[in-house]
Amino acid sequence: MRILMSTWGWRSHFYGLAPLGWALQAAGHEVRVASHPSMAATITAAGLAAVPLGADVDFAEAFAGRIGAVGPLDRAAPPGHVEPEITADGGVVRFADALLDELVEFGRAWQPDLLVWEPFNLAAPVAAAALGVPGVLHLWGPDSSVTLRLDPESVIGPLAARFGLAAGDVALNGALTLDPAPPPLQVPMTRPGRPVRFVPYNGTAVVPPWLRRPADRPRVCVTAGTMMAGVGLHDRLDLARVVRSVAELDVEVVVVVEPRQQRGLGPLPANVRLADAPLALRLVLPTCAALVQQGGAGTTMTALAYGVPQLILPQVTDHHFNGERLTVTGAGACLPPANAGDAVLRDAVGDLLGDGPARTAATLMRDRIAALPSPADVVPALAALAERTPT
């Protein structure tokens with residue numbers, strides 16, 4: 001079969017699709033990954049064929065003023081929060097607008113049997129409807145779309161109208177949703193879903209010499225993901241203070257951050273190691289006793305896949321959502337930065353070390369993820385979905 005994958009905006013959006021792409025290729029299917037031109041290097045580095053389409057959109061500029069803290073899901077929103085909403089003039093639609101026409105044009109020429117996309121990619125489901133092929137939504141982790149408001153007529157309607165379609169003709173969730181989040185991490189969903197194992201992939205990386213040897217004391221990884229630096233919000237979290245607070249414990253601290261974040265850290269304690277770049281989390285986390293992070297879905301799922309207890313210091317919308325879902329599992333804690341004083345932060349990380357309840361819960365979540373069907377296991381179901389579609 002010919003499988004067209006579509007990803008948008010930012011490299012971490014693509015990472016969750018890569019293992020399924022490998023499985024499809026290994027099963028003998030043709031795979032192409034369509035995205036904005038700036039994503040081509042990221043896609044090809046994963047061993048998949050990139051199809052650069054449309055125009056690039058500046059991520060930071062597109063989401064300026066639209067990324068911020070949201071109120072916890074079960075309590076009243078605090079002052080100054082940002083309402084999680086996809087609007088007709090928002091960044092998500094701007095990325096879709098820049099990709100959609102050429103995505104449909106390429107689809108008509110290549111004639112895929114199936115189209116696979118990741119969350120908040122609006123161009124792909126419209127393209128699937130225009131091409132008349134079944135679509136599959138592949139989630140990153142817990143489904144944060146439940147926090148969003150989206151008016152289909154104003155948001156999807158104009159995109160669909162380009163191809164003579166109505167908003168109701170577009171299935172944003174596809175014919176099937178691939179779900180990597182086992183209970184109780186996932187929120188309840190009513191749409192058709194199929195579980196799939198989360199296979200960690202965080203981009204290309206080299207194993208440094210120090211990582212080949214066991215640490216002489218518990219290792220704690222501190223990271224801030226990729227998005228915050230990418231959108232120019234890396235100064236929202238006082239990362240240097242976080243690192244120094246964690247370093248007060250009898251641990252080895254490994255800091256994995258973007259280059260621009262490295263430059264702002266200043267002098268670090270002797271028990272802090274600034275990781276050689278690039279260093280993917282899937283390489284360092286199996287050696288770690290705990291993780292301190294911002295709350296991105298890929299980072300959260302990678303830690304859970306390795307059974308590593310984690311502390312989330314949420315910065316923006318989905319971070320708060322993922323932090324709440326993590327707390328439900330018991331595999332870690334979520335601490336809003338405003339409440340994360342030096343001693344509080346240090347003690348919160350200290351609570352994750354050792355064989356306490358968080359480690360027990362993290363181990364349970366690791367085993368639940370490992371028990372899910374692998375990407376290779378779901379390939380036959382995707383093939384059957386495509387074959388049932390009339391041509």
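Student: What covers the buried residues of H15?

Tutor: Happy to start there, keeping in mind that this is a predicted model. The cover comes from both strands and helices: the strands include S10, S13, S14 (310–312) and S15 (332–334). The helices include H10 and H16 (357–370).

Student: Which residues of H15 are buried, and within what arc do they fall?

Tutor: The buried residues of H15 are Leu345, Ala348, Val349 and Leu352. An α-helix has 3.6 residues a turn, so residues three or four places apart point the same way. Seen down the axis of H15, its buried residues line one face of the helix, because they fall within an arc of 95°.

Student: Which residues of H10 make the contact with H15?

Tutor: On the H15 side, the contact is made by Asp342, Leu345, Arg346 and Val349. Taking both helices together, the contact residues divide into 4 nonpolar, 1 polar and 3 charged. On the H10 side, they are Arg241, Val242, Ser245 and Val246.

Student: How many residues of H10 are buried?

Tutor: Among the elements covering them are S11 (252–256), H11 (259–262) and H15. Leu239, Val243 and Ala247 are among the buried residues. H10 is mostly covered, and the count of buried residues is 8 of its 9.

Conventions:
Residues numbered from 1 in each chain as written. Predicted model: local features only at pLDDT ≥ 70, side-chain atom pairs only at ≥ 80, totals over all residues. Heavy atoms only, no water. Contact = heavy atoms within 4.5 Å. Helix = DSSP H or I, 4+ residues; strand = E, 2+ residues; numbered from the N terminus. Nonpolar A, V, L, I, M, F, W, Y, C, P; charged D, E, K, R; others polar. Buried < 20%, exposed > 50% of the residue type's maximum accessible area, 1.4 Å probe, protein only. Arc of directions from axis to C-beta.
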